[in-house]
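Hello,

Here is the structure I promised to pass on. Have a look at it first, and then read my notes below.

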Amino acid sequence: MTKQRANWSPYDNNGGSCVAIAGADYCVIAADTRMSTGYNILSREYSKITKLADKCLMASSGFQADVKALQKHLAARHLIYQHQHNKQMSCPAMGQLLSNTLYYKRFFPYYSFNVLGGLDSEGKGCVYTYDAVGSYERVGYSSQGSGSTLIMPFLDNQLKSPSPLLLPAQDAVTPLSETEAVDLVKTVFASATERDIYTGDKLEIVVVNAEGIRREYMDLRKD
Amino acid sequence: MDQKPFSQGLLSSEADSQRTLYPYVTGTSVVALKYKDGILMAADMGGSYGSTLRYKSVERMKSIGKHSLLGASGELSDFQEILRYLDELILYDNMWDDGNSLGPKEVHSYLTRVMYNRRNKFNPLWSSLVLGGVKNGEKYLGMVSMIGVHFEDNHVATGFGNHLARPILREEWHENLSFEDGVKLLEKCMRVLLYRDRSAVNKLQIAKITEEGVTVSQPYSLKTFWGFSAFSNPTVGAEGSW
């Protein structure tokens, strides 16, 4: 008599792609708004981007319940930080907190693939990219999620960022202007939508710069 | 209070009997949409025990507090357990006696956390929940799955409803549907489910929630049509077949 096994998984992949690009004085964070499960679309208007601090946003794709729980957790920690230090958390500080939070559940991970984007304390664009268990790195640009394999090579080619292998080490931020970066993001998502079934419906773009935070939307293919 | 010996892992067969592994008595799809005055929700009254249609008068939609309506599919005993949790929640809310009451957003958030936390303990409540309501003129309609995946939208469905009803709703739903149009649209979805979902029964209720409150209709059945010519002589294209 074979032992009965649970035929249930605590995880699901709700799909979608995220991108973040750092510029000299701005940061672009973008994600599609499709939430799916298997071959079904659950919602066409679901935002994957959340504001964690004044100049720090996070875009996450993966298992939506874990993503939401993670966002709630970070928002709560940020509130405590504000009470204790009487100031907003900087992007690098939030970056470290996110990494630690993810690793805390190293043996039952948050199935959440994140990119953190914002401005650092000097006002320069700042992007951190993560895996599901908290391994992270500050980079000039990154993509995560179901379309990341399609998006990343495109960004490598078009952003004209200095190679991380160069010596002396150069700033990773892209020399592109804010409008050029936003246009590139739109192109990149339109392409990813063509070939990734989990990416589509609508694109949400958030731009952080010295003036504040600006939000923009663009329609993507619904098939 | 049972003590588990340290040698037993979480996945040993004795520990298994303490956790939900399979659903036993299940309800099928729930479909809901926002209309002009609030939310309309439909669910049939069947409780299946595997492939047997065991219970035929199960109410799978219940009002919660003053402002919300909950519909559930999946394991019915888990739905009853959730109703017990919500009873306690609403009781405590009423006992504050401060003029405030939990709205649908709050109840949805509570349910999400309950479902997610049970999933974290590897002991899920095997239900898909639809939560709709109106408070202070604001309509709200959301869904929670058994692993905590949740969202809100203008129309939602569980189980087979996702495959069969959502496409119809995407095509024909629009803002400010009248009550009659909303009911017609829901009945269209439920009819398709009746034809194509083997666990559906032809005895359904439609519930309405508006600012005034909740009304659950009396059970009724949908008219179906089986008079297709292909059905009257099914072997006409393949002699000898049956």
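To follow the sheet, note that two strands pair if DSSP finds at least two bridges between them. Helices (H or I, at least four residues) and strands (E, at least two) are DSSP runs, numbered from the N terminus. This is a predicted model, in which local features need pLDDT of at least 70, side-chain atom pairs count only at pLDDT 80 or more, and totals for chains, interfaces and linings use all residues. Residues are numbered from 1 along each chain as written, chains are lettered from A and ligands numbered from 1 in the order in which they are written, and side-chain values use heavy atoms, without hydrogens and water.

In chain A, five strands make an open antiparallel sheet, ordered β10-β1-β2-β11-β12. Its edges are β10 (141-145) and β12 (212-219) of chain A, each with a single partner strand, so one side of each has no neighbour in the sheet. Strand β1 (residues 17-22) of chain A pairs with β10(A) through five bridges, in the antiparallel sense; there, A:V19 has A:S143 in β10(A) as its bridge partner.

Now to helix α4 (residues 178-195) of chain A. Which of its residues are buried (under 20% relative accessible area, 1.4 Å probe, protein chains only)? They are A:A181, A:V182, A:L184, A:V185, A:V188, A:F189, A:A192 and A:T193. Their cover includes β1, β2 (26-32), α3, β11 (202-209) and β12 of chain A.

In chain B, B:T20 lies in the loop between α1 (13-16) and β1 (25-27). Beyond neighbours within four places in sequence, B:T20 is in contact (heavy atoms within 4.5 Å) with B:D78, B:N123, B:P124 and B:W126.

Best wishes

Terms used. Buried means under 20% relative accessible area, exposed over 50%, partly exposed in between (1.4 Å probe, protein chains only).
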